[in-house]
Amino acid sequence: MNTLDAIAARRSIRKFKDAALPDEMIEAVLAAAVQAPSGKNRQPWRFVIVKGEKRREMARLMREGIAKAKGRGEDPGSSEGSAAIMEEAPVTVFVFNTDGTHPWLAHSIGQMFVDAVNVQSVGAAIQNMLLAAQEMSIGSLWICDIFYAYEELRNWLGEECQMVAAVSLGYPDENPEARPRKPVGEVTRRL
């Protein structure tokens, strides 16, 4: 599959088969991630893999964070569904920005610029993961609903750095249609 075909064929998968992914496939996805470009070649990413029985504990922590958010009057949106997907998926990879500042801490303008560059770099690594998974017929879902359980998950995972996202991986048990996209002309201006 060429790159443009992989980009066009990639879908967000929310239903996974009950089948483990071989470690070699997980490693191949992560090998693609670390090939991503990064600002100043900082390579500010770190990955934590959750699979097997640890998925239940991960989902429990997600639900605890969601309950706390609801208790504060926040609308957790699709996060409960994301917790169920993460529990079902054979693998979830948490992605961290090793140089990032936690969202609630004060930032200097310089630190905000560094964080923006690093988060873009981490985003490129995530996109590489998704495209590598697509190449290997692995389903993937990029998840940001983890922010409702940011502290619970980060502490459980034993990471001090900034949590950016999670990516669930597994053999897809659905074949969703492409979601609508805005036409290029609608989102582009020429000078």
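**The sheet and its surroundings**

Guide: Four strands form an open sheet with antiparallel pairing, in the order E1-E2-E4-E3. The model is a predicted one.

Visitor: Which strands stand at the edges of the sheet?

Guide: In the order E1-E2-E4-E3 the sheet is open. A strand at an edge has a single partner strand, so one side of it is left without a neighbour in the sheet. The strands in this position are E1 and E3.

Visitor: By how many degrees are neighbouring strands of this sheet turned against each other on average?

Guide: The pairing in this sheet is antiparallel, so direction has to be ignored when the turn is stated.

Visitor: How many bridges join E2 to E4?

Guide: Val95 stands opposite Ala165 in E4, and Val91 stands opposite Leu169 of that strand. E2 and E4 run antiparallel, and the bridges that join them number seven.

Visitor: What is the bridge partner of Lys51 in E2?

Guide: E1 and E2 run antiparallel and are joined by seven bridges. Trp45 stands opposite Asn97 in E2. For Lys51, the bridge partner in E2 is Val91.

Visitor: Which residues of E2 are buried on each side?

Guide: In a regular strand the side chains alternate between the two faces of the sheet. Seven of the seven residues of E2 are buried, and both faces are covered. On one side these are Val91, Val93, Val95 and Asn97, and on the other Thr92, Phe94 and Phe96.

Visitor: How many residues of E4 are buried?

Guide: Buried means under 20% relative accessible area. E4 is largely enclosed by the rest of the structure, because the number of its nine residues that are buried is nine.

Visitor: Which element gives the largest share of the largest nonpolar core?

Guide: The largest nonpolar core has 24 residues, and those with the most contacts inside it are Met62, Met86, Phe94, Phe96, Ile146, Leu153 and Met163. The elements that give two or more residues to this core are E1 (45-51), H3 (54-71), H4 (79-88), E2 (91-97), E3 (139-143), H6 (150-157) and E4 (162-170). The largest share, four residues, comes from H3.

Visitor: How many residues does the second, separate core have?

Guide: In soluble globular proteins, nonpolar side chains tend to be buried together. The second core is separate and includes Val95, Val122, Leu130 and Ala133. Its number of residues is 23.

Visitor: Are H3 and H4 roughly parallel or roughly antiparallel to each other?

Guide: Two packed helices are described by the angle between their axes and the distance between the axes. The axes of H3 and H4 come within 8 Å and cross at roughly 175°. Angles over 145 degrees count as roughly antiparallel. H3 and H4 are therefore roughly antiparallel.

Visitor: How do the residues of the contact of H3 with H4 divide?

Guide: The contact involves residues of H3, including Met58, Met62 and Ile66, and residues of H4, including Ala83, Met86 and Glu87. They divide into seven nonpolar, one polar and seven charged.

Visitor: At about what angle to E1 does H3 run?

Guide: H3 lies across E1 and E2. Its direction makes an angle with E1 of about 110°.

Visitor: What covers the buried residues of H6?

Guide: The buried residues of H6 are Tyr150, Glu152, Leu153, Arg154 and Leu157. Just after H6, Gly158 takes a positive phi of about 75°. The cover over the buried residues of H6 includes E1, H3, E2 and E4.

Visitor: Does Ser12 count as buried, partly exposed or exposed?

Guide: Ser12 lies in the loop between H1 (3-9) and H2 (23-33). Buried means under 20% relative accessible area and exposed means over 50%. At 25% relative accessibility, Ser12 therefore counts as partly exposed.

Visitor: How many Å apart in space are Ser12 and Ser140, C-alpha to C-alpha?

Guide: Leaving aside its neighbours within four places in sequence, Ser12 is in contact with Ser140, Leu141, Glu174 and Pro176. Ser12 and Ser140 are 128 residues apart in sequence, while their C-alpha to C-alpha distance is 5.9 Å.

Notes
Residues are numbered from 1 along each chain as its sequence is written. This is a predicted model: local features need pLDDT of at least 70, side-chain atom pairs count only at pLDDT 80 or more; totals for chains, interfaces and linings use all residues. Side-chain values use heavy atoms; hydrogens and water are left out. A nonpolar core is a set of buried Ala, Val, Leu, Ile, Met, Phe, Trp, Tyr and Cys residues joined through side-chain atoms within 4.5 Å. Buried means under 20% relative accessible area, exposed over 50%, partly exposed in between (1.4 Å probe, protein chains only). Contact means heavy atoms within 4.5 Å. Two strands pair if DSSP finds at least two bridges between them. Axes are lines fitted to C-alpha atoms, for helices over the stretch in contact, and angles run from 0 to 180 degrees between N-to-C directions. Angles under 35 degrees count as roughly parallel, over 145 as roughly antiparallel, 65 to 115 as roughly perpendicular and the rest as oblique. Ala, Val, Leu, Ile, Met, Phe, Trp, Tyr, Cys and Pro count as nonpolar, Asp, Glu, Lys and Arg as charged, and the others, Gly among them, as polar.
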